[in-house]
Amino acid sequence: MNEITSYIIEQTKAVLAIDSPTGFTSRAAEYVMGEYRRLGYEPQLTNKGGILVCVSQGSRDTDPILLEAHMDTLGAMVRGITEKGRLLLTPLGGMNANNAEAENCRVYTRDGRVSSGTFQLQNASIHVNGKYNDTSRSYDVMEVVLDEPVETKQDVLDLGILTGDIVCFDPRTVVTPSGYIKSRFLDDKLSVGILLGYAKYLKENRVETKRRIYQHITVFEEVGHGGSASIPAGVSEILAVDMGCVGDGLSCKETQVSICAKDSGGPYHYDVVTALVNAAKEAKLDFAVDVYPFYGSDAEAGLRSGHDCRHGLIGSGVYASHGYERSHVKGVENTFGLLKAYLG
């Protein structure tokens with residue numbers, strides 16, 4: 001890997017190691033703010049808790065662009081405590097219960113304590129539960145078994161755990177010798193790493209872009225309103241850098257950069273998609289153009305909030321979205337390469 005790619009992977013792993021489900025992102029924001037400052041930028045913390053930073057002033061005053069990635073992830077919240085001392089959960093974002101079964105997790109209390117546990121099917125011993133294989137996994141039939149000697153609801157309350165506390169699942173991050181990146185929450189911390197890498201590239205190489213470039217690391221994308229605010233005045237285009245979808249009916253691979261032409265919110269701006277495709281071709285990048293059937297982005301949130309902007313969506317190919325996800329170093333490099341080629 002070259003220096004920038006190594007930096008992107010390093011930063012991705014660092015951000016993945018910080019629990020940050022939607023609504024619980026301040027520690028991740030503190031880290032990313034510090035990294036922008038270390039690179040020589042002046043980031044601002046938004047009222048929502050996101051990060052806004054200008055990474056290039058541009059050589060002209062027209063057509064500023066906003067790049068967006070999100071550091072909020074899927075997770076859960078305590079919705080109740082059983083009389084046996086188990087935790088009932090409600091999801092934050094689209095965390096599927098069947099994808100989280102048997103995953104280790106952490107419970108953060110309001111007074112700063114952390115307890116570990118495992119998310120299990122109720123009555124999870126297959127030697128005891130005759131309906132184990134026939135039970136459809138859902139939050140109604142699953143629970144957190146705490147790694148504490150608790151037997152009653154009061155035992156759990158004594159640990160400081162209350163309804164509304166945040167539950168974070170292990171990312172289990174692995175980078176293989178063959179270049180595969182495996183982890184929960186590559187959506188979208190891999191793109192946070194890519195935007196940090198692009199910011200590092202601009203600063204260290206003293207690149208002067210024609211357009212003014214802002215970066216916005218959002219914190220409520222997984223619930224639909226991450227990119228609906230903090231769009232600087234004059235921005236005419238929003239480019240979301242999020243995961244590219246890999247699956248049946250799509251052409252994208254984990255080694256490619258995906259350019260989204262349409263998702264569940266409708267088509268992306270025709271001129272933006274065309275310019276992205278042309279830039280990828282001219283730079284001889286490995287790319288795919290796809291339509292995502294079940295997807296929404298920060299760029300669309302900005303348009304729905306009333307901003308008059310063009311919009312687009314790109315990202316490294318990611319398999320098994322919202323589960324234990326997988327991408328590849330080459331997908332990272334092609335996404336970074338498209339940012340360079342498109343923005344000049």
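Biologist: How much space lies in the largest pocket?

Modeller: In this predicted model, the largest pocket holds about 540 Å³ of space. The lining is made up of 31 residues, and the closest to the pocket's centre are Cys245, Phe294, Tyr295, Gly296 and Ser321.

Biologist: Which element gives the most to that lining?

Modeller: Helix H7 does, with four residues, and strand E14 (244–246), helix H7 (298–304) and strand E18 (310–319) each supply at least two.

Biologist: And how does the lining of the largest pocket split by class?

Modeller: There are twelve nonpolar, eleven polar and eight charged residues in the lining of the largest pocket.

Biologist: OK, what about the second largest pocket, what volume does it have?

Modeller: The second largest pocket has a volume of about 370 Å³. Its lining counts 19 residues, of which Tyr41, Cys54, Val55, Ser56 and Gln57 are the closest to the centre. Strand E2 (51–56) and helix H5 (186–204) are the elements that give two or more residues to this lining, and E2 has the largest share, with five. By class, the residues are eight nonpolar, seven polar and four charged.

Biologist: Is Thr209 buried or exposed?

Modeller: Thr209 counts as buried, because its relative accessibility is 1% and the cut-off for buried is under 20%. Leaving aside neighbours within four places in sequence, Thr209 is in contact with Ser56, Gly58, Ser59, Tyr198, Leu202, Leu343 and Gly344.

Biologist: Switching topic, where is Met243?

Modeller: Met243 is in the loop between strand E13 (237–241) and E14, and with a relative accessibility of 4% Met243 counts as buried.

Biologist: What does Met243 touch?

Modeller: Not counting residues up to four places away in sequence, Met243 touches Asp187, Asp188, Ser191, Tyr292, Tyr295, Gly315, Ser316, Val318 and Ser321. Tyr295 and Ser321 are also among the residues closest to the centre of the largest pocket. As for Ser327, which is 84 residues away along the chain, its C-alpha atom is separated from that of Met243 by 9.1 Å.

Biologist: Now helix H1, how far apart are its end C-alpha atoms?

Modeller: The end C-alpha atoms of H1 (residues 3–16) are 20 Å apart, and this agrees with expectation because 14 residues at 1.5 Å a residue should span 20 Å.

Biologist: What caps the N-terminal end of H1?

Modeller: Asn2 does, with a side-chain oxygen that lies 3.2 Å from the backbone nitrogen of Ile4.

Biologist: And which residues of H1 are buried, and what covers them?

Modeller: The buried residues in H1 are Ile4, Thr5, Tyr7, Ile8, Ile9, Gln11, Thr12, Val15 and Leu16. What covers them includes helix H2 (26–39), strand E10 (174–175), strand E11 (180–183), H5 and helix H8 (329–343).

Biologist: Last topic, how many cavities of 30 Å³ or more does a search of the whole structure find?

Modeller: The search finds four, and about 60 Å³ of space lies in the largest cavity. Of the 14 residues that line the largest cavity, Asp19, Ser20, Thr73, Phe169 and Phe185 are the closest to its centre.

Biologist: Which strand gives the most to the lining of that cavity?

Modeller: Strand E9 (residues 166–169) does, with three residues, and by class the lining of the largest cavity has nine nonpolar, three polar and two charged residues.

Conventions
Residues are numbered from 1 along each chain as its sequence is written. This is a predicted model: local features need pLDDT of at least 70, side-chain atom pairs count only at pLDDT 80 or more; totals for chains, interfaces and linings use all residues. Side-chain values use heavy atoms; hydrogens and water are left out. On a 1 Å grid over the protein atoms alone, a cavity is a set of points where a 1.4 Å probe fits but cannot get out, and a pocket is an open set with protein on both sides within 12 Å along at least five of seven lines; lining residues have an atom within 4 Å of a point. Grid points are joined across faces, edges and corners, and a volume is the space filled by probe spheres set on the points. Ala, Val, Leu, Ile, Met, Phe, Trp, Tyr, Cys and Pro count as nonpolar, Asp, Glu, Lys and Arg as charged, and the others, Gly among them, as polar. The expected span of a helix is 1.5 Å times one less than its number of residues. Buried means under 20% relative accessible area, exposed over 50%, partly exposed in between (1.4 Å probe, protein chains only). Contact means heavy atoms within 4.5 Å. A polar contact is a pair of N or O atoms within 3.5 Å; within protein, one must be able to donate a hydrogen and the other to accept it, and residues adjacent in sequence count only if both atoms are side-chain atoms.
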